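Thanks for making time for this today.

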Number of protein chains: 2
Amino acid sequence: MTNTLKTSYQKTPYKLGGNGTRNIGVLTEALQNIDNNLESDIYGSGPIIEDFETKIAKILGKQSAVFFPSGTMAQQIALRIWADRKENQLVAYHPLSHLEIHEQDGLKELQQITPILLGTANRLVTIDDIKDLREPVASVLIELPQREIGGQLPSFEELEEISEYCHEQGISLHLDGARLWEITPFYQKSAEEICALFDSVYVSFYKGIGGIAGAILAGSDDFVQEAKIWKRRYGGDLISLYPYILSADYYFEKRIGKMAEYFEAAKGLAERFNSCSGVKTVPEVPVSNMFHVYFEKSADEVGTILTKIQDETGVGISGYLQEKSADVCAFEVSIGDAYAEIPVEVLDVVFKQLEVGSPCQN
Amino acid sequence: MTNTLKTSYQKTPYKLGGNGTRNIGVLTEALQNIDNNLESDIYGSGPIIEDFETKIAKILGKQSAVFFPSGTMAQQIALRIWADRKENQLVAYHPLSHLEIHEQDGLKELQQITPILLGTANRLVTIDDIKDLREPVASVLIELPQREIGGQLPSFEELEEISEYCHEQGISLHLDGARLWEITPFYQKSAEEICALFDSVYVSFYKGIGGIAGAILAGSDDFVQEAKIWKRRYGGDLISLYPYILSADYYFEKRIGKMAEYFEAAKGLAERFNSCSGVKTVPEVPVSNMFHVYFEKSADEVGTILTKIQDETGVGISGYLQEKSADVCAFEVSIGDAYAEIPVEVLDVVFKQLEVGSPCQN
């Protein structure tokens with residue numbers, strides 16, 4: 001069933017989520033106006049990498065920034081630096097943090113850092129979770145939005161409280177900002193205003209921005225200098241990172257102004273899902289470009305319904321379904337450029353069919 | 001002085017070493033015949049990455065291979081796997097191994113692996129150095145050719161002895177094959193025949209091959225499976241590695257057949273240097289495409305001479321000089337495509353001037 005759904009999804013000309021197929025054209029488009037004589041960055045030096053680091057540091061309101069091939073590498077390193085400075089191998093984060101569930105325990109295996117899981121998996125971390133910590137921690141990592149629960153956000157006031165409390169307690173506050181750009185419209189704050197609450201910040205260039213890969217880690221000058229040493233230790237200080245940097249910069253310029261459009265589209269699309277019986281989104285009203293869609297039926301049954309709709313309408317809804325229980329399944333949507341390409345009347349047909357074939361109807 | 005030499009080098013239309021300027025054109029050339037619709041690899045899966053891994057595994061005569069963004073990451077991981085299997089945190093390698101001098105102690109800091117330095121810095125590791133080890137080690141790393149001493153090689157017979165001895169002793173033998181392709185003409189052996197002596201092998205695609213970045217780690221199926229888990233831990237399992245893979249494959253096909261030409265050219269060029277008084281190469285007769293050039297005068301004096309020759313002939317000899325002592329300095333040459341582009345009569349002028357301006361003449 002999963003394979004059929006996936007195949008069906010791959011064949012659809014339209015998609016609800018994303019910025020189009022991740023193919024070689026994404027790279028060639030980014031390179032089309034670059035002079036072939038432009039020289040490569042060399043082991044972290046040279047205008048291509050230094051100019052981009054300076055540009056993003058400024059946008060994030062931090063002294064300095066360093067480009068990394070991946071966020072996995074960038075964040076482990078940030079937490080290691082805070083652990084070293086506090087001489088404390090404890091970090092506190094959400095139970096579904098990327099570091100906890102997607103990195104094969106790299107933080108523990110490579111850095112011997114022990115995470116304390118804050119709160120419970122199905123909700124956001126709160127200021128009280130942090131106040132309730134029984135042991136001193138070197139750092140707290142906050143992910144905005146919290147991806148694995150649909151991309152939820154605390155209020156900005158609660159973030160301010162968390163920041164203030166951590167600073168009072170001497171706890172370094174790190175932002176997992178994999179989707180930072182995507183939350184600025186909800187908070188009605190600039191990236192800089194959000195990052196001002198954090199000591200260190202990681203941002204990604206291949207989620208909402210739609211680049212190829214790559215991340216920036218930003219903070220104070222001395223923090224970034226230390227991060228560069230660790231980047232070499234990890235084998236992330238490649239002789240040339242320009243394929244990622246040039247595309248990060250190109251797609252940043254192309255899409256950074258569209259985050260409000262994606263946010264509005266996400267709210268509209270979530271409303272459509274929520275109007276179908278047996279279907280609900282988490283969060284109910286999105287606070288970024290993303291949300292999760294839950295169905296009150298088995299993955300097998302929903303897979304059949306979605307495959308049929310995809311085949312008939314040409315709109316890719318999802319290529320997979322995650323089994324939440326025997327009779328609940330879900331998938332994730334992140335709005336990018338692809339959504340606006342779907343004619344409204346085609347979308348109307350999709351949701352008409354989803355209502356008729358709704359998992360709750362018999 | 002160094003700056004003048006570097007600037008002068010950068011301006012020359014011809015170069016003794018390398019495969020041309022590392023600019024964006026290197027990437028666009030590699031992509032020119034690739035279909036824009038070709039889909040990206042995704043976190044280590046998909047034909048682009050899997051096909052290349054299979055291809056290189058076969059060429060190296062190993063069961064399996066995994067593509068890494070860097071050799072630094074690949075080699076630390078190889079040594080960790082051997083350390084785990086032997087429950088022994090010791091590795092033995094040359095005092096000037098890349099892991100010892102170019103990785104900010106990543107192996108020690110991330111893996112808590114302790115190196116034992118074999119022999120002395122200015123010569124190759126011998127079978128006796130390994131037999132003289134006073135403690136059992138999990139693995140021995142051999143770099144072929146030994147880059148930091150000009151790219152020297154043991155005889156193939158000694159390599160066979162080392163391999164046999166390590167296997168008898170239960171020591172895993174790892175090949176730092178950053179320049180493996182480049183030594184096949186000297187040994188008159190295939191990459192597979194050389195790799196057969198080793199349990200695990202790392203090869204690079206941006207030295208003689210002239211790609212953008214990237215490495216392959218090869219070994220048995222179970223070894224590579226474990227390496228993939230570590231690759232994720234290190235943050236090397238990028239969503240897309242195709243810019244490096246496609247260019248690695250393109251330049252591999254373009255240059256793998258030219259290694260004998262580079263080797264012959266290196267021998268000829270070394271002979272020209274050695275014919276100048278006060279100049280000698282290490283090794284005297286190259287065994288790969290590379291060698292070091294030593295001058296018996298200060299870096300300042302030699303810099304002035306080289307800058308003048310570069311400015312007058314348009315041939316880039318070197319952009320830097322390493323001070324070996326107050327009156328000895330050196331640089332490295334690795335022959336690639338650039339050398340064959342220099343007209344012989346221009347090269348004659350270069351060496352005529354080098355002889356006249358020779359560091360030993362007054």
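Predicted model: local features only at pLDDT ≥ 70, side-chain atom pairs only at ≥ 80, totals over all residues.

In the chain, Ser288(B) belongs to the loop that runs between β9 (279–282) and β10 (290–295) of chain B. A polar atom of the Ser288(B) side chain lies 3.1 Å from the backbone nitrogen of Met290(B). If we set aside the neighbours within four places in sequence, the residues in contact with Ser288(B) are Pro145(B), Gly151(B), Glu182(B), Ile183(B), Phe263(B) and Ala266(B).

Now to the place where the two chains meet. The size of an interface is often given as the accessible area lost when the parts come together. Here chain A and chain B bury about 4,100 Å² between them, and 60% of that is on carbon and sulfur atoms. On the side of chain A, the residues that lose the most area to chain B are Ile24(A), Leu110(A) and Arg233(A), which together make up 17% of what that side buries. In residues, the contact takes 51 from chain A and 51 from chain B.

Turning to the polar side of this interface, there are 29 residue pairs in polar contact across it, counting pairs with both residues at pLDDT 80 or more. Which elements of chain A give two or more residues to the side that touches chain B? They are α2 (24–31), α4 (71–86), α6 (106–111), α11 (221–233) and α12 (242–255), and the largest share, six residues, comes from α2(A). Sorted by class, that side of chain A has 25 nonpolar, 17 polar and nine charged residues.

That brings me to the charged pairs. Side chains of opposite charge can pair when their charged atoms come close. The count of salt bridges between chain A and chain B is two, and in one of the pairs found, Glu109(B) meets Arg80(A) with the closest N and O atoms 3.5 Å apart. Over all chains, the structure holds 36 salt bridges.

Lys108(A) and Asp105(A) form a salt bridge with their closest N and O atoms 3.1 Å apart; Lys108(A) is partly exposed at 28% relative accessible area, and Asp105(A) is partly exposed at 29%. Arg232(A) forms a salt bridge with Asp237(A), at 3.0 Å between the closest N and O atoms, and here Asp237(A) is buried, with a relative accessible area of 16%.

The last pair is Asp337(A) with Lys258(A), a salt bridge at 2.9 Å, N to O. Asp337(A) lies in helix α15 (residues 337–340) and Lys258(A) in the loop between α12 and α13 (259–274), so the pair ties together parts of chain A that are 79 residues apart in sequence. Asp337(A) is buried at 12% relative accessible area, whereas Lys258(A) is partly exposed at 25%. Finally, Lys55(A), Asp249(A) and Glu253(A) are joined into one network by salt bridges that share partners.

Note on methods:
Residues numbered from 1 in each chain as written. Chains lettered and ligands numbered in written order. Heavy atoms only, no water. Contact = heavy atoms within 4.5 Å. Buried area = accessible area lost by both parts, 1.4 Å probe. Salt bridge = Lys/Arg side-chain N within 4 Å of Asp/Glu carboxyl O. Polar contact = N/O pair within 3.5 Å; in protein donor to acceptor, adjacent residues only side chain to side chain. Helix = DSSP H or I, 4+ residues; strand = E, 2+ residues; numbered from the N terminus. Nonpolar A, V, L, I, M, F, W, Y, C, P; charged D, E, K, R; others polar. Buried < 20%, exposed > 50% of the residue type's maximum accessible area, 1.4 Å probe, protein only.
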